[in-house]
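Me: I have a structure to read and I am new to this. Can we go through it feature by feature?

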Amino acid sequence: MPETRDWLTGGLPHIWLPYTQMQTTPAPLPVVAAQGARIRLADGRELIDGISSWWTACHGYNHPHIRAAVETQLATLPHVMFAGLVHEPALRLAARLAALLPGDLERVFFTESGSVAVEVALKMAIQYWRNKGQAEKQRIVYFRHGYHGDTFATMALCDPEEGMHALFAGTMPDQIMAELPADEAMSRAFDLLLDTHGERIAAVIVEPLVQGAGGMQMHDTATLALIAEACTRHGVLLIADEIMTGFGRSGRMFACEEANVVPDIICLSKALTGGTLPLAATVARKHVFEAFLSGDPAAALMHGPTYMANALACAAANASLDLFEREPRMEQVAAIEAQLTLELAPCRALAGVAAMRVKGAIGAVELSGPIDLHALRRRFVELGVWVRPFGKVVYLMPPFTVTPAELTTLTAAVRSVLAERAGTL
Ligand SMILES: *Cc1c(COP(=O)(O)O)cnc(C)c1O
């Protein structure tokens, strides 16, 4: 394939890949197309995608309904600035998100990435208190194993050991880490923390029920409800980062719903457009929005990404929501949960496996001992699947449209790669 070799050899020397030591990394795989749960490589091989392109492609790749919606939008209005001007795809999407989300989460601020959606949530929370005359409430409480993004303000809220705290020490805002209040003693400690520092705390941020990039750690609804209750009692806002869990991944449309929790602010991205175009949303409850209404221009929210509410991305998100209405997505998630539970269970008995966890369309196997990520990743490709372990976890988060046979191929690959590894330990 001379054409492929052209763009590959000409382009690779100019590309800087994410989270990658460029000196030692194996060559990235050139992709030419993707359809359903399958990624097609330039050499003709097909990989079954077990991780939905960083958890975005919930309807599979190249869904005709999303493609048609984006094509239609492209013909009339791909983009227009969103200050002083509005358009139908964004307003329809905002109204639909407000209707879908619990409680009075009803005011939508659009951005283009998850990290920025969290940054906006932080600005909202801090300025909320400033506008109410409590400017000293500026600190953010986050949880161990959390992940909220790669920008400076969000890095400061990631797990201090797994995140980039050491690398950028001294350059990030100083925030307060807490343990998830998963038992009596930890609940008392969490309560004490909010009691002691409440006057300086603007908000608590949490990934409800499943902490994703920090290691696929899971907690129960009682823990989440307890966090929400403590926030209310101590006059602290609750920010739910549902960038990973949102849109069905954890088994409900939003993880907060399962615990009957209505956060003050919620962050959405990843599966919002079904994995087609970059878009994120920070959605605030009525009382949060109202704290910004004033005769004083300085009380307004000062943020505005250039590509805010991009019309193509909003059209894709509307089409994605159509699919949640028309197709049996939540039933598919329940079926995936049952199949993952059954087919990953044998992993528990393998040497070098510390734990196995499943929730919704998320299956995670936590490893112990030395982990050769490059070797594991290479074996998965050899077995015809795209599975990309990180840290200590091998996980599956397939598109919700994955077929039972494709999912069996994925779980069988995880079992055999981990069994091979067990043999070498
Ligand atoms: C991926 C992720 C982010 C960051 O989103 P980006 O679009 O990569 O900036 C933030 N929070 C959670 C929970 C995520 O999973």
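Reply: Start with residue classes. Ala, Val, Leu, Ile, Met, Phe, Trp, Tyr, Cys and Pro count as nonpolar. Asp, Glu, Lys and Arg count as charged, and the others, Gly among them, as polar. Keep in mind that this is a predicted model.

Me: How do the residues of the shell around the ligand divide into nonpolar, polar and charged?

Reply: The shell has 4 nonpolar, 5 polar and 3 charged residues. Among the residues around the ligand are W55, Y147, H148, E207 and K270.

Me: How much of the ligand's accessible area does the protein cover?

Reply: On its own, the ligand has 380 Å² of accessible area, and the protein covers 82% of that.

Me: Now cysteines. How many disulfides are there?

Reply: A disulfide is a covalent bond between the sulfur atoms of two cysteines. The cut-off is 2.5 Å between the sulfurs. The count here is 0. Take C58: the nearest cysteine sulfur belongs to C314, 16 Å away.

Me: Is C58 buried or exposed?

Reply: C58 is buried, because its relative accessible area is 1%, and buried means under 20%. C158 is in no disulfide either; the nearest cysteine sulfur, that of C267, is 13 Å away. C158 has 3% relative accessibility, so it counts as buried.

How values were computed:
Residues numbered from 1 in each chain as written. Predicted model: local features only at pLDDT ≥ 70, side-chain atom pairs only at ≥ 80, totals over all residues. Heavy atoms only, no water. Near = heavy atom within 4 Å. Areas by Shrake-Rupley, 256 points an atom, 1.4 Å probe, with all protein chains shown as cover. Buried < 20%, exposed > 50% of the residue type's maximum accessible area, 1.4 Å probe, protein only.
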